[in-house]
Amino acid sequence: MGLGRVLHSASDAVKEAVSRKNKSEKIIKGTVILEKKNVFKLKDIRNKAVDRASELIGQGITLQLVSADHADPAGNGNGGKLGKEEAMQKWNLTFSMLACGGCSYKVSFEWDEDLGTPGAIILRNNHASEFFLKTITLEDVPGAGRIHFLCNSWVYPDKIYNKPRVFFSNKTYLPHETPAPLRKYRKEELEVLRGDGKGELKFEDRVYDYALYNDLGDADRSSKLARPILGGSAEYPYPRRGRTSRPPSRSDINTESRRFGTATTFNIYVPRDEQFGDQKTLDFIAFVLKSFVKEIIPFIAGAPLNREFNSFKEVDNLYRNGLPLPTGVLNHVVKQIPLPIMEAFRIDGHQLLKFPLPQVIKGDKTRPPTAWRKDEEFAREMVAGVNPLLICLLKEFPPTSKLDPEVYGGQNSCITKEHIEYNLEGLSVEEALRSNRLFILDHHDTVIPYLRRINTTGTKTHASRTILFLRADSTLKPVAIELSLPSTGGGKSDVVSEVYTPAEHGVEGSIWQFAKAFVAVNDSGYHQLISHWLNTHAVIEPFVIATNRQLSVVHPIHKLLHPHYRDTMAINALAREALVNGGGLLEKTFYYSKYSLEMSSCIYRSWNFMDQALPTDLKKRGIAVDDGNCVHGLRLLIPDYPYAVDGLNVWFAIEKWVRDYCSFYYKTDEMVQEDPELQAWWKELREVGHGDLKDEPWWPKMQTREDLIESCTIIIWIASALHAAVNFGQYAYGGYFPNRPTLSRRYMPEKGTPEYAELERNPEKTFFRTMTSQLQCLAGITAVEILSKHASDEVYLGQRTPDWTTDEIPLAAFQAFSKRLGEVEGEILKLNMDKKLKNRVGPVNLPYTLLYPTGEVGLSGKGIPNSISI
């Protein structure tokens, strides 16, 4: 009996040992895809050598599985049970590049039942250099199969982090659905991204925080460059930007100091994962370099600063012949360029002074081109140009002002019936109003409050109102332009206005062309400052910050919105460095001059998040009315309105996608109300990100699914289609600057003045003396060329990285969204070929494709990127 018991016990021990052995010997194979940092600097080369040496002594990159099933209260503070740290294999031996631009590495994990299903991975980088981690994929996980981790994050040496980097699998969880073992990591990751609001932020940091626009001026450099702080006051309300933590300036401790120079342009802080990728950086540097060279060419070539264009033929030569850069000067410039910029320069630097032919004159066979000067094209660009957002139904005649008469005096229009009735195809003004055939492009009330100050700078311009008549073929005809100036004297004052009507020949024809040019100056400035910068770039940045601070990467709304934030913080930071800052390119080339951003603050007061929804915007402007018998339930009062027609198709495609997606995760309104991350996100966005407007009654309460669906649709619309509509046509229409001059240096010529006599003798020369100078023209054309280009790594609406979630219904909904956008592309092509739709192409033979979803690299004039990335 005793021997039997001993043998039985021995047998049990052997079975247990075998069982333990079997459990410990189960191996999960993994694949890591990453990009090593490009080697541009001596430090990078040295770090690369250190990394190779570290691998040889076993100090490489390690990964550790975190259980989503089983917690470890004793050893990991209720976090998931941890697997063994495993080293990534063959770092020194892997050189092959994948199609995605990364390198593939193998890793093997020991696994047993006690670990369960991995839900996260802890990664430690023991190298000296950072790398960009794309994905980690585990194969044949018992009970789970393939598990994918979509990372897309820069990983720096582990020693710089207070906590090791954690990456979650691509499962999607509302906060209450998060497996208990992963909640600790979800909470800690958000705490890291929020930071503590203190101290200097370094290049490698991942902190998202807010700041006022206190970095626009540079009084340390010159008192003339002092600019007001925008945001945080009733006087200058503004959205918040990302905190950069540069030290205060010497002249005013409330403003942030600035750094200048090509070498430091990219040193301004934005969270590391928001910075441009290497290829995007090279592309952007190449474009900026071209900008730099083009601006200094007048100096290099020995041309005087005030050299003027004298004819349209001279302007035409900018695109057809170009101006070569002397070889000696070119070599000198190249010597001053850092290595990575040098490489970009060689790729994109040939024929630096020959500009591409803008599309607005490309289809015009006359030399110099003339189709852009036609009234029909002038009006068409209000519905199919680069700023098709402002035209409104005229509801009363004459037009009235909403400015406070106690402050600004009488500002109502002086346009009379006699000015326009002969151009209304037999209708009276009253009949035209009743039949919804009078429209207005109003640049009066936004300009007048600053016009007296603007005209003390190099700018000399007018406020404007343009009245248009809708013809039977759905084209628009300008019938009157009113130009206004504040009356002489300070304080409260009326305006002095002059009304101009269409003419084709003689001095009257030249005056009419001048009147249209002054309207274009107003529209170009409003477009760049408000439609483009404020209403897309500036207003979306708080959403980027709040989303990363309050919504975990596994939260469904984070996954929905994150693709629409790519590169936005980086491009906005660069804009504050060189474009919208005091003395920057915008102030130099647009008529608002040093009052540019201050004016945008004044206009931000009336910004309304809900009005950014395209259907709401069209109805508010009187362009659309509810009609259940029409597509989308809306009837356009201008039937051939390309921006509205294409935009509504894209809007409702986005809205359906967002509705399908949100309805999958939020079954009831109560689920929206009880989501703590979602509520914290919306509260911070409203009270901090857009804190100067926090008390406005139009903010959604975020208490229902409809609140969530509408808000997310608006966010995606702003970041994708709205920005595409106002950005990527800038060179097509404004690259030929006579079509959209950006400033004026003299007022409208008046009879009896030398300017009027000059106009009678030589209207072309007078035009160029009145509008943009040659140097301003070159700088402005360069700017819009940069802004209009699609990058080589662009990701378009309807596209995203595979395996972004495991949920089949959202994946199917996204595929349906992509398919619908493909159908929209076909509809746009069909509409552009319809000869009855004259606004689709116009006299300049330029098809409207700005809302065609898929684009091409360069100046393609089509494509809706997912995000504001340029």
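Predicted model: local features only at pLDDT ≥ 70, side-chain atom pairs only at ≥ 80, totals over all residues.
Residues are numbered from 1 along each chain as its sequence is written, and side-chain values use heavy atoms, with hydrogens and water left out.

I begin with the chain as a whole. Of its 870 residues, 57% count as buried; buried here means under 20% relative accessible area, exposed means over 50%, and partly exposed lies in between, with a 1.4 Å probe and protein chains only. Contact means heavy atoms within 4.5 Å. Among contacts between residues at least 6 apart in sequence, 75% join residues at least 24 apart.

Let me turn to the strands. Sheet strands pair through backbone hydrogen bonds, in either a parallel or an antiparallel sense. For the present assignment, two strands pair if DSSP finds at least two bridges between them.

Strand S7, residues 131–141, is mostly covered, with nine of its 11 residues buried. Strand S1, residues 26–36, is joined to S7 by eight bridges, and the two run antiparallel. Within that pairing, Val32 stands opposite Ile136 of S7. S7 is also joined by eight bridges to strand S8, residues 145–155, again antiparallel. There, Thr135 has Leu150 in S8 as its bridge partner. Three residues lie between S7 and S8, which form a hairpin, and Gly143 in the turn has a positive phi of about 80°.

A further sheet is open and consists of five strands in the order S12-S13-S14-S15-S16, with antiparallel pairing. Strand S12 (392–393) and strand S16 (495–500) are at the edges, each with a single partner strand, so one side of each has no neighbour in the sheet. S12 pairs with strand S13, residues 438–443, over two bridges in the antiparallel sense. Leu393 stands opposite Phe439 of S13.

Which helices meet this sheet? Helix H10, residues 375–384, lies across S13, strand S14 (463–470) and strand S15 (476–486), and runs at about 80° to S15. Helix H15 also packs on the sheet, where H15 touches S13, S14, S15 and S16, and its direction makes about 75° with that of S15. For these angles, axes are lines fitted to C-alpha atoms, for helices over the stretch in contact, and angles run from 0 to 180 degrees between N-to-C directions.

H15 has helical partners as well. The axes of H15 (residues 506–550) and helix H27 (residues 763–770) come within 11 Å and cross at roughly 20°. The two helices are therefore roughly parallel to each other, a term for angles under 35 degrees, with over 145 counted as roughly antiparallel, 65 to 115 as roughly perpendicular and the rest as oblique. On the H15 side, the contact is made by Ser510, Phe514, Ala517 and Phe518, and on the H27 side by Pro763, Thr766, Phe767 and Thr770. By class, this contact has five nonpolar, three polar and no charged residues. Ala, Val, Leu, Ile, Met, Phe, Trp, Tyr, Cys and Pro count as nonpolar, Asp, Glu, Lys and Arg as charged, and the others, Gly among them, as polar.

Within H27, Thr766, Phe767, Phe768 and Thr770 are buried. The cover over the buried residues of H27 includes helix H6 (312–320), H15 and helix H26 (754–761).

H15 also packs with helix H23, residues 676–689, at an angle of about 145°, with the axes 9 Å apart. This crossing, too, is right-handed. Pro542, Phe543, Ala546, Thr547, Arg549 and Gln550 of H15 meet Glu677, Ala680, Trp681, Trp682, Glu684, Leu685 and Gly689 of H23. By class, the contact has seven nonpolar, three polar and three charged residues.

I close with two single residues. Thr568 is placed in helix H17, residues 568–578, and counts as buried at 0% relative accessibility. Leaving aside neighbours within four places in sequence, Thr568 is in contact with Ile540, Val544, Ser867 and Ile868.

Asn214 lies in the loop between strand S10 (210–211) and strand S11 (241–242). Is Asn214 buried or exposed? At 17% relative accessibility, Asn214 counts as buried. Not counting residues up to four places away in sequence, Asn214 touches Ile229, Arg241, Asn254, Thr255 and Glu256.

How values were computed:
Helix = DSSP H or I, 4+ residues; strand = E, 2+ residues; numbered from the N terminus. Left-handed = near helix turned anticlockwise from the far one by under 90°.
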